[in-house]
Amino acid sequence: MLFWIIAEIIKILVVFTGLLLAAAYLTLLERKVAARIQNRLGPREAGWHGILQPIADGIKLFFKEDIMPSGANKALFILGPMIAVIPALTTFSVIPFGAPITIFGHAVPLQITDVNIGILLILAFTSLGVYGVVLGGWASNGKYSLLGGIRTAAQMVSYEISLVLSIVGIIMIAGALSLAHIVGEQSHIWFIVYQPVGFVIYLIASTAEMNRVPFDLGEAEGELVAGFHTEYSSMEFAFYFIGEYAQIVVNSAIITTLFLGGWQGPFLPPVIWFLIKVSLVILIYLWFRWTYPRLRYDELMSFGWKFLLPLSLANIVVTGFVMLFIR
Amino acid sequence: MNSFLPVLIMLIFSILFAVLTIGLSNIIGKKSYEPGKLKPFECGVEPTGEPHIRFDIKFYLVAIFFLLFDIEALFLFPWAVIYRWLGLFGFIEMFTFIVVLVVGLLYIWKKGGLIWE
């Protein structure tokens, strides 16, 4: 009992700090990747090859003045960035990041907790992210913020349906909602082999969920200044970015768990395999951002509703058909 | 032990982190009052008109469609979990359900609910 509590607290602390550090250093990685894609060097001044850049940025933003525009709804204005961060950090509590290990004769699963409705919990928490954007955009009392917030909300809810439906195929094959169970089912073959279409839909829909290029219509710099976070400054501004980058880590971890066999892999320790797979998926997201131009808004909506949604429904029917008749 | 308890602890940790960081930054950060700074950003020009402008009815339609389809998507989850054991019966049942869903989508499509100009 006591052992269980201590183990849980240690795991939570490790995951929490790890996730925050990963989110901070992802800003540096993104700048480095962007620089390399555009044939530049990227940040180099703070520390060796800019290794201290995220810390410098964090300290700078922490000590900046916190400006709240006149006429802003104060409570909602502060609540917005908080809601952008909190669900992203909490989601990681159900993702298994390693094989169970034995300490002092107790088996400790390397997962904060194995909830029997793991996937539903993840979907519930990630869909809360839309509130951060909407509240921030609404409470700022500016035209650009409002337009950015509304656009982003419409985009996020449109792609959320495809996102949810793309996972149904996985659940049909695995026969459970628990993530530990789903990883266990993939010991022989990864689910990406059975669900290639589901994988592609999830990848596209999650990019749209996180408002990243090519789906960053809510913060289109050319027309909306910065979209929903135009009026934000100081730590509240930083929180939108912590939220976005934590969301990237979490989504990569979800893809790894659902489609790429989780922590399973030969030779190397499971935790290392998990980190390798997550890093590779993160690199795909970064690669998207610096390769594709932004979509037009009507293209974005019709792609989501007229292509991705029917495709994900067809994926479910085909999966059911194959499972029943062909095997 | 209840397996949801750690999720709650994690949630409390996240909330504490968010509140403490923003609160501390608000206290420590420098303050200087100047009325021009507090205006909503409008490219340096005096803000004109209401900040809460009217927006297109299309966004409202999208919200309604989302509600409909998300609830229908949720119905698929319990079915998907036990699909292995349902056999042909389960397949036909859910195929009918998905066909109804698709007919709904086609209706919205033909009525022009998905057109953005």
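Please keep in mind that the structure is a predicted model.

Let me begin with chain A. Its secondary structure consists of twelve helices and two strands. If we follow the sequence, the order of these elements is α-α-α-β-β-α-α-α-α-α-α-α-α-α. With a radius of gyration of 20 Å, close to the 20 Å given by the globule rule for 327 residues, chain A is therefore as compact as a globular protein of that length. The C-alpha trace of chain A extends over about 60 × 50 × 45 Å along its principal axes.

How many of the residues of chain A count as buried? The share is 52% of the 327 residues.

I turn now to chain B. The domain assignment divides this chain into domain 1, residues 1-31, and domain 2, residues 55-117. Between the C-alpha centres of these two domains of chain B there is a distance of 37 Å.

Finally, how do the two chains meet? In the model, 55 residues of chain B are in contact with 66 residues of chain A. On the chain B side, helices H1 (5-28), H2 (57-81), H3 (83-86) and H4 (88-111) each supply at least two residues. Of these, H1(B) gives the most, with 14 residues. Sorted by class, the side of chain B that touches chain A contains 40 nonpolar, eight polar and seven charged residues.

Terms used:
Residues numbered from 1 in each chain as written. Chains lettered and ligands numbered in written order. Predicted model: local features only at pLDDT ≥ 70, side-chain atom pairs only at ≥ 80, totals over all residues. Contact = placed C-beta atoms within 7 Å. Helix = DSSP H or I, 4+ residues; strand = E, 2+ residues; numbered from the N terminus. Nonpolar A, V, L, I, M, F, W, Y, C, P; charged D, E, K, R; others polar. Domains from an automatic or database assignment. Rg over C-alpha atoms; globule rule 2.2 N^0.38 Å. Buried ≥ 20, exposed ≤ 12 C-beta atoms within 10 Å, placed from the backbone.
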